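Here is a short briefing to read alongside the sequence and the 3D view.

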Amino acid sequence: MGSAPETAAESGLKPGLKQRHMNLIALGGVIGAGLFVGSGVVIQSAGPAAVVSFFIAGLITVLIMRMLAEMTVARPALGSFYVYAREAMGNRAGFTVGWMYWYFFVIVVAVEAVAGGRILQLWLPNVPLWVLSLGLLLLLTATNLVSARSYGEFEYWFSSIKVIAILVFLVVGALYLFGVWPGAHGGLGNLVSHGGFAPMGIGAVLAAVVPCVGFYTGAEIVTIAAAESAEPRRAIAKAMRSIVFRVVLFYVGSVFVVVAVKAWNAPDTAVSPYAAVLDVLGIPAVATIMNAIVLTAVLSCLNSALYTSSRMLFALTRNGDAPKMFTKLSRSGVPRRAIIAGTVIGYVSVIAAYTSPNLIFQFLVNSYGAVALFVYLAIALAQVRLRKRLQNTDPGALSLKMWLFPWLSYATIALMAAVILAMAFLPTTRSQFWLSAVTLALILIAYQFRKRRPAGPAAATETDSSRGEAGVAST
């Protein structure tokens, strides 16, 4: 596989993330606002069989993450799958994967800042949306500018709240279904009493897998963060071995509780399925509780998006795929310029959400919908190639392996390609697919300009206090 990829320590980044940070980043990474709100749309389109849709999407995600974990444990690298795609499929693939992922998360920054502002506006109706969104963006940008540990601490507590909320939801839901909860009738009648388990047919269940895969995006963030942990191999191995449990428990389990407790076709199930269940359970102040939980999920996504986009941009500079100006580090080892670059589209989007919500902002939202799925497909393709090379050159590094290689890897590639292809034909996702394809095309065009410049060795890294001091040279 060639020379060993660059590590965070060699680049000048500081290993500020502890094992407890990594555990919660991994645990909370798959719990986004989409689970609490967006799952209602899936339930309305597939009925109680949405549980199956989430299970299939979760299975695809687990397989992709297992493939990524194999590469990460064997060869921890700054930039994770950007580096693996580059090594496996060439400079063009690496450039494309890195910039697609960066673009995906800078749009996430924008979307989550606006979403968080809208939730805060429920409590502060007299404050303009753009002021609230801008305030959230500035707050979490400042957090990320301090240090990797600062990001880790915020994410630790955000993820803790999300995980506790889901666990409490599962417990009280189970008590209701067993008839133990006060006033509960119990039973699983709602799974079949409103048109059957799959009232829209098997086609609708399979079609719902497409948006469900998008809900799981974020599971891979831990492989980016691992570069700044003291023991990246151990952190990744531990996180990825538990991902099956997390997917089944958090997504499949909680969606099962929703459709078992509340009729799938009830209007409030579509709007806010988890709030609808809490209402059935007679929990007071349901709206306030759910808004607080969703706001936590939004802030967690915003925090992680700022971190992830900056580290991917920093990694892109190591091979000349991004301007060297973004290699500059602060005293605490933070790529501040890369963080600021990731907020630019966020600021523009906050303005667009205020001045042109139905044109510019909607375009930005649709232009990234399939981008993460393109990256997931590239991860799977890279794993097949790199696994074969490792088996020949360094089989001892394969301490964590993809199951049933190569056949399950090929099956995963086929499943991922099918999901992406389905996006092009389903009415609800067609615009996202084609606008994401435009994003991909623009990045490929940008690579043609990039080819005119030699990659050269990884750039020297400077610190903000290095006016006249030597930078941290990469290997």
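Predicted model: local features only at pLDDT ≥ 70, side-chain atom pairs only at ≥ 80, totals over all residues.

Residues are numbered from 1 along each chain as its sequence is written, and side-chain values use heavy atoms, with hydrogens and water left out.

**The chain as a whole**

- The chain has 21 helices and 0 strands; these are DSSP runs numbered from the N terminus, with helices (H or I) of at least four residues and strands (E) of at least two.
- With a radius of gyration of 22 Å, close to the 23 Å that the globule rule gives for 475 residues, the chain is as compact as a globular protein of that length. The radius is taken over C-alpha atoms, and the rule is 2.2 Å times the number of residues to the power 0.38.
- Along the principal axes, the C-alpha atoms fill a box of roughly 70 × 55 × 40 Å.
- Of the 475 residues, 58% are buried (under 20% relative accessible area, with exposed over 50% and partly exposed in between, using a 1.4 Å probe and protein chains only).
- Among contacts (heavy atoms within 4.5 Å) between residues at least 6 apart in sequence, 80% join residues at least 24 apart.

**Two helix pairs**

- Two packed helices are described by the angle between their axes and the distance between the axes. Axes here are lines fitted to C-alpha atoms over the stretch in contact, and angles run from 0 to 180 degrees between N-to-C directions.
- The axes of helix α3 (residues 33–46) and helix α4 (residues 50–74) come within 8 Å and cross at roughly 120 degrees, and α3 and α4 are therefore oblique to each other. Angles under 35 degrees count as roughly parallel, over 145 as roughly antiparallel, 65 to 115 as roughly perpendicular and the rest as oblique.
- On the α3 side the contact uses Ser39, Val42, Ile43 and Ala46, and on the α4 side Ala50, Ser53 and Phe54. By class, this contact has 5 nonpolar, 2 polar and no charged residues (Ala, Val, Leu, Ile, Met, Phe, Trp, Tyr, Cys and Pro are nonpolar, Asp, Glu, Lys and Arg charged, and the others, Gly among them, polar).
- Helix α7 (residues 129–146) and helix α17 (residues 336–355) pack at about 175 degrees with their axes 10 Å apart, so α7 and α17 are roughly antiparallel to each other.
- Residues of α7 that meet α17 include Trp130, Leu137 and Leu145, with Ile339, Gly346 and Tyr354 among their partners in α17. The contact of α7 with α17 has 10 nonpolar, 5 polar and 1 charged residues.

- Glutamate 70 lies in helix α4 and counts as buried at 1% relative accessibility. Beyond residues up to four places away in sequence, glutamate 70 touches Gln383, Arg387, Leu398, Leu400, Lys401 and Met402.
- Phenylalanine 250, in helix α13 (residues 243–261), counts as buried at 2% relative accessibility. Phenylalanine 250 and phenylalanine 169 are 81 residues apart in sequence and 9.9 Å apart in space, C-alpha to C-alpha.
- Glutamine 44 is in helix α3 and counts as partly exposed at 25% relative accessibility. Leaving aside neighbours within four places in sequence, the contacts of glutamine 44 include Met200, Trp264 and Thr269.
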